[in-house]
Amino acid sequence: MSNKVEQSNRLRTKSSQPIWLRMKRSNTNQKRKAGVSTYFFFIPAIICVLAILVYPIGKTLYLSVTDSEGLLAPNFIGLKNYQNFLVDPVLRATLTNVLIWTVATLVLPVFIGLVIATMVSGVTGSAVYRMIFLLPYVLSGVAVGALWFNIFETEGLLNKFLVSVGLENFVNSWLLYYPQNTISMIIAATWAGTGLVVVLFTVGIQNVPLHTVEAATIDGANSWVLFWKIIWPQLRYIRAVVIGTALANSLRTFDIVWVMTGGGPSRSSETLAVTMYREAFLLNRYGYGSAIAVFLMLLVVTVSVVSLRGGLKKEATL
Amino acid sequence: MKKDSVLKHSVLIVLSLIWLSPIYLLIVNAFANVETWEANFDWSIKGWNPVENFQKAWTVADLAPGLKSNFFYGIMGAGLSVFFASLAAFSIVALNPKNKSLWFWVIYAVNLVPYQMLLLPLFESFAATGLYDTRWGLLLVYVAIAIPFAFFLSRNHMLSISKEVVEASQLDGASKMQTYFKIFLPLSWSALGAAFLFQFTWIWNDLVFGLTLTTSAEIRPLMSTISTLVGQYQNIKMPIVLCATLIASLPTAFLYIVGQRLFVAGLKAGS
């Protein structure tokens, strides 16, 4: 099957070669050089990745089966940390938060980013619009956290605004109760993260061959049809990047929660990464924290493999 | 067609205003009068001292060494990671190596690990190998963490490059290196440019690896410097902190304004 495809590709190649390639051939007419190995191209990336991953992952796996608390020599305690983690009464709430973060990240920044990228492309002033949505991404996490904390605080800017326009009924302690604390932080994260999605989809849209768009326009396609029939299918590669990255990042949500609520009050807004950090670095329970890290890592790996695998397989025959 | 774009512009303007209002709050409060500043942010303009606050932020926070280091980390880190990532992506897409999936997941692995988990072990291994508090040590971490996204993005962008172009060039006797430099690199310019901008920004704004793996002022990156100074002097008020982060964000904002044109225009010329 794949041989046939390859053959037909070869056949097509001969007839559809660009002029510059044909010219070059007549000049040099050389055989294919042996050159460097296919695997040579992986070496720099692999070295960097392994250099910072091997020891930390090994160490975390080791600590996760010990009772390490930093000072005394750790004792081997088998899977006890994992057992304790699974019976943690707050675990369900934490996992629910992770799920909310993940779904919301797929729905909000990804969807809004796609809408904005599509609308912006080809419009006058597109560079200005894109820059506006990118501004939050440029800011440091320190500034973004301080800003949104002050917006959602009980005495904060959002409540002041609601009072001034006569919507006292909607005044709320945004960060003090579940689930509005998680929702408030998701809004902040959406504000900060949409710009990245806009640029990624812009790159994808720019890459759609112009003649396919023109042909459809000549055929009388309106912009709705144009988007779904021409642009959307050709965004499949960039879509995988956006969704894959959004999934991995939302499962590991840490910074914004740590800055805005610290996971509180009474752990109601914790995510797995926050639980892990609090256990390991505030309570010095390295063994227990490492077990959570291993669990989180397995979760991210599973979700990423499942979500990307279909795409990878299809491309394998390319 | 015209009706279309009026509608588009109205939606975009509404969304832009929503996106800009927190920026307004940030700027109003960053430039507020420090003397009369009370603990909280405000909607109204309470004093307008941009120059004074910027000067104070610059001198109090001592931003110059951090800025210098950041340019090194940002340019080298983003540049190397995008280059290494695009080499690997090229091999996976064009050279048909065995065990494609395995290579993919090994290089992508950093993106699957919670970064907080890396902190202590990296500190240990850096202390043991003499990489602690060195530029090259921190750079290695930045490059490694920036590789997976750059790899994923460039790989998927390269998948859209026609297979026929690759085969034609190979039939013509182009070496692998030539195929990479003459065909894939130019055709991936937009994706690689975007990857560079994102990774530059990520490295530029990094706080926690800088805090964990460095200690001296010349080595420490900018955000880590700002955050420690805030901790040391309780009397530094919020507007000054915000001004310091605004100064820190100017180079990245500038890069986006220039870079966006480059990678959008570059693509149009290329396709």
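This is a predicted model: local features need pLDDT of at least 70, side-chain atom pairs count only at pLDDT 80 or more; totals for chains, interfaces and linings use all residues.

Residues are numbered from 1 along each chain as its sequence is written, chains are lettered from A and ligands numbered from 1 in the order in which they are written, and side-chain values use heavy atoms, with hydrogens and water left out.

Chain B has 12 helices and zero strands, where helices (H or I, at least four residues) and strands (E, at least two) are DSSP runs numbered from the N terminus. Taken along the principal axes, the C-alpha atoms of chain B fill a box of roughly 75 × 65 × 25 Å.

Within chain B, the axes of helix α7 (residues 163–171) and helix α8 (residues 176–187) come within 11 Å and cross at roughly 145°; axes are lines fitted to C-alpha atoms, for helices over the stretch in contact, and angles run from 0 to 180 degrees between N-to-C directions. On the α7(B) side the contact is made by B:Val165, B:Val166 and B:Ser169, and on the α8(B) side by B:Thr179, B:Ile183 and B:Phe184, contact meaning heavy atoms within 4.5 Å. These residues divide into four nonpolar, two polar and no charged, with Ala, Val, Leu, Ile, Met, Phe, Trp, Tyr, Cys and Pro counted as nonpolar, Asp, Glu, Lys and Arg as charged, and the others, Gly among them, as polar.

Between the chains, 101 residues of chain B are in contact with 104 residues of chain A. The area buried between them is about 9800 Å², of which carbon and sulfur atoms give 73%; buried area is the accessible area (1.4 Å probe) that two parts lose on being put together, summed over both. B:Trp19, B:Gln116 and B:Asp172 supply 8% of the area that chain B buries against chain A, more than any other three residues.

The structure holds six salt bridges over all chains, a salt bridge being a side-chain nitrogen of Lys or Arg within 4 Å of a carboxyl oxygen of Asp or Glu. The count between chain B and chain A is one: A:Lys59 pairs with B:Glu124, the closest N and O atoms being 3.3 Å apart. A:Lys59 lies in helix α3 (residues 43–63) of chain A and B:Glu124 in helix α5 (residues 115–129) of chain B, so the pair joins two chains.

Helix α1 (residues 2–30) of chain B gives the largest share of the side of chain B that touches chain A, with 14 residues. The table sets out the classes of residue on that side.

| Class, side of chain B touching chain A | Count |
|---|---|
| Nonpolar | 66 residues |
| Polar | 22 residues |

Two backbone details lie in loops. A cis peptide bond, with omega about 0°, joins A:Tyr178 and A:Pro179, and A:Pro179 lies in the loop between α8 (157–164) and α9 (180–206) of chain A. B:Asn96, found in the loop between α3 (64–94) and α4 (100–108) of chain B, has phi near 55°, a positive value in a residue other than glycine.
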